[in-house]
Amino acid sequence: MSYEIKTGNKQETPILWTGDFYNEGTGSGDIFDTLKEECGVFGVFGHPEAASMSYYGLHALQHRGEESAGICVADGRDFNYHRGMGLVKEVFDKDKIASLVGDMSIGHVRYSTSGDSRLTNAQPLVFKYRDGDLAIATNGNIVNEPLIRKQLEMSGSIFQTTSDTEVLAHLIARSPKDFVEAAKEALRQLVGGFAFLLMTNDKLIVASDPHGLRPLVMGRLGEAYVFASESCALEVIGATLVRDIEPGELLVLDKNGFLEDRFTEPKRKALCAMEYIYFARPDSDLNGSNLHSARKRMGSRMALESFVDADIVTGVPDSSISAAIGYAEQTGIPYELGLIKNKYTGRTFIQPSQELREQGVKMKLSAVRRVVEGQRVVMIDDSIVRGTTSRRIVNLLREAGALEVHVRITSPPFKNPCFYGIDTPDRRELIASYKTIQEMCEEINADSLAFLSPEGLIQSIGGYSSNEYKGGLCLSCFDNDYPTQVDFGGEEKDGCSC
């Protein structure tokens, strides 16, 4: 099954972004309205240089969050932590890392949101409670968090942040049980997608939601255990990937050793498909499948489902390069670097001039005129959100002299908001939710437009048992089939507030 329609060319007036700096906020004023990154977590147990290991691990996960970064370490008695706004390399320097002494640590990178961009929400969040210190870092979203927060506030809780993570801390602190049992009890009350790292003065707890919606892997570095949102973060410190954390699993690491436990029975396995399509780095492995290889297969399958005769294939940097290579290999059409990304504009705090605002797209992305001029181009991209980004890129190629621009998207149409950690626009802003494929094609000014079928996506990803429902993936953003309850009488939340 494929989705395709052809239309003629049209010209448009460029839509400009607003704001004080180039990547400010998440609204439609953002010059590139792609899906917003999630967050990344990294944990170390049993390594004397835990802080340094976390620094390098978080640096490898930087693509998952650019707003803030933090590391908390424990030496068996005390906590020491540092958090700040900005990139990992901006938040930490040699002296700050040297001051974080301990053999156990958890770290976090947070993605940028509008309205909640403040240091109090930077993680790990650190608390004092009856049994000592508690630090928590998470990736994901708790759908029923507003309901739980309201109940806690009505019974006397006072919150310091707007982060989901603080709800878990309050639930643990209110339980009369020991820390591990209190954590299990608290986690069972949460609905959503989450990967948690919880640390006390002498324990590290690792937990994944019952559906495994958010990725979390375990590695070994000598005698030390390492945990990360993606396996690429293990590679950078020389750790070996052991396995993925299973849905509903809870691991306890302390002086008594390593305990494999769980806080609930696993439910329908539903790892976020967008991890494979867009979020995770191509050198990461998730559930036995390498991201680069999976994306190449998506491109190859796209070619089989929706071939178009053309002169060159190009991918939108960076997440679509692998798929573009796969499409080119399958069709025999040459792959070319028709689009180049400027990696140094993403976090500029300099107010651009009005002239630069009018050339905003070209600050971030440029077409290689000598490559695309006079050519029929197949442009491979991973998704279409509002449609404005696709239109801008298509027009870049046309301005550079492309004769035709055929757009191929290596995912099904993105029609529904995510409740599990991806900060998506309101359903009414998702172009696929209210326009036909033909109308979308006209909107983005393409000669043709096609999307990968859900079946093609599942088969391309691979690495799953054939008896897993939908290949063990969450496809709710495409098919509206959410693995958890998402309606709590108006007391629910989508997006990402970790």
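Colleague: What should I know before I start?

Modeller: This is a predicted model, where local features need pLDDT of at least 70, side-chain atom pairs count only at pLDDT 80 or more, and totals for chains, interfaces and linings use all residues. Residues are numbered from 1 along each chain as its sequence is written, and side-chain values use heavy atoms, with hydrogens and water left out.

Colleague: Which residues does UniProt list for "binding site"?

Modeller: The unreviewed entry gives Ser-319, Asp-381 and Asp-382; such annotations may be inferred rather than shown by experiment. They spread over 64 residues of sequence, yet cluster in space, with a largest C-alpha distance of 7.9 Å.

Colleague: Why is Ser-319 called buried?

Modeller: Buried means under 20% relative accessible area (1.4 Å probe, protein chains only). Ser-319 has 13%, so it counts as buried.

Colleague: And why is Asp-382 called buried?

Modeller: Its relative accessible area is 4%, so Asp-382 gets that label too.

Colleague: What makes the pair Ser-319 and Asp-382 a polar contact?

Modeller: The term needs a pair of N or O atoms within 3.5 Å; within protein, one must be able to donate a hydrogen and the other to accept it, and residues adjacent in sequence count only if both atoms are side-chain atoms. The side chains of Ser-319 and Asp-382 make theirs at 2.4 Å.

Colleague: What else is Ser-319 in contact with?

Modeller: Contact means heavy atoms within 4.5 Å. Leaving aside neighbours within four places in sequence, the partners of Ser-319 include Ile-277, Tyr-278 and Arg-295.

Technical notes: Buried < 20%, exposed > 50% of the residue type's maximum accessible area, 1.4 Å probe, protein only.
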